[in-house]
Amino acid sequence: MDVTAYSTAGIDPAARAAEWSRVIADTYFPLQLTFREPAGFSGRLERRSMGQVSLSRLATGPMQYERQARHISHTGPEEYLITVPRRGPVSFRQLGRDVRCDPGGFIVERGDEPYRFSYAEPNELCVLKIPKRMLAERLRSPDRFCAMVIDARSGLPRLMTAMMSELQSLTGTESHAAALLGRQIVEVLAIALDERLDRDDGVKSSVRAGHLRRAERVIRQNLSNPALSPDFVADQCGISKRYLHELFSDTDKTVAQFTREERLFAARDAMSSSQTLSLAEIAYRFGFSDQAQFSRLFKAQFGMTPSDCRRTAFSAA
């Protein structure tokens, strides 16, 4: 696991604000920073890379971070920040919503939309940076959770923030193992947010959304089951096959398309975390008996062949 540390200690006070702006842009993305006391500013940041995910911890005096339209390039990858305040409350505004998040909660920030983030007293933050596509693979329409305070004092949200704390003290982990840990924490985050949605919105839409999420969970839990089919999913959910297809008509995928994509995601994760199974065994495990078809679908989904994916995953190990 690659660990990078920054500190303003030893930097000329007159240059600290500019240096901190550079560090923040390098760790997250470009932001407009406002310092209460630029000359007396001090800050420290530690960043851990875990495959596609990065985990950072920073401590500063009172600050405001603003993501402006001029900072946003729609040609680059879209990303989320999951921010956990540790010492005091933070204020956040995005998509017309204003929220205050106290220690014991976290917020989801969308990197491809303007926002304003601030705290009026010295604070310490723990921040998870995730590619948007990585979370969207595991959670339908994650943008719904932006600028929403998630209570992390119990249940899966608490487990997720506890994992973030534990991973901050981890060192010496090989790159492929660190990447696996990064994927696992995103899995926990997706389940925690999915659980939160169960308690929101109106009764009718919640029931329909609940059936859809239950169907998606059945599919994800049975990716290596050769019996996985629309009939199997409908039976497990206690609904008709016709209603199952109606539920997926609310999304941009059919039942078959969703199942195929989830199997491809699972196969990719398996080949990136283990060298003991052959590519043919992994393909067969997740329902692909035709190797040529599997390779073609995999390349269409991820832009590389299965063998290239495995080679890339372990080349830095």
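How many of the seven residues of strand E6 are buried? Six of them, so E6, residues 79-85, is largely enclosed by the rest of the structure. Keep in mind that this is a predicted model.

Let's stay with E6 and look at its partners. With strand E11, residues 123-131, E6 pairs in the antiparallel sense, over seven bridges. Proline 85 is set opposite leucine 125 of E11. Strand E9, residues 105-110, is also joined to E6, by four bridges, again antiparallel. There, leucine 81 faces glutamate 109.

Next, the open sheet. Five strands make it up, in the order E2-E5-E10-E7-E8, with antiparallel pairing. Its edges are E2, 32-35, and E8, 97-101, each of which pairs on one side only. From one strand to the next, the twist averages 15°. Take the E7 and E8 pair. E7 covers residues 90-94, and five bridges join E7 to E8. Within that pair, arginine 93 is opposite aspartate 98.

A helix comes in here too. H1, residues 13-27, lies across E2 and E5, the latter being 63-67. Relative to E2, H1 runs at about 140°.

Last stop: threonine 259, in helix H8, residues 255-273. Is threonine 259 buried or exposed? Its relative accessibility is 11%, and the cut-off for buried is under 20%, so threonine 259 counts as buried. A polar atom of its side chain sits 2.9 Å from the backbone oxygen of valine 255. Leaving aside residues up to four places away in sequence, threonine 259 touches Ile219, Leu223 and Leu228.

Conventions:
Residues numbered from 1 in each chain as written. Predicted model: local features only at pLDDT ≥ 70, side-chain atom pairs only at ≥ 80, totals over all residues. Heavy atoms only, no water. Helix = DSSP H or I, 4+ residues; strand = E, 2+ residues; numbered from the N terminus. Buried < 20%, exposed > 50% of the residue type's maximum accessible area, 1.4 Å probe, protein only. Polar contact = N/O pair within 3.5 Å; in protein donor to acceptor, adjacent residues only side chain to side chain. Contact = heavy atoms within 4.5 Å. Pairing = 2+ DSSP bridges. Axes fitted to C-alpha atoms, helices over the stretch in contact; angles between N-to-C directions.
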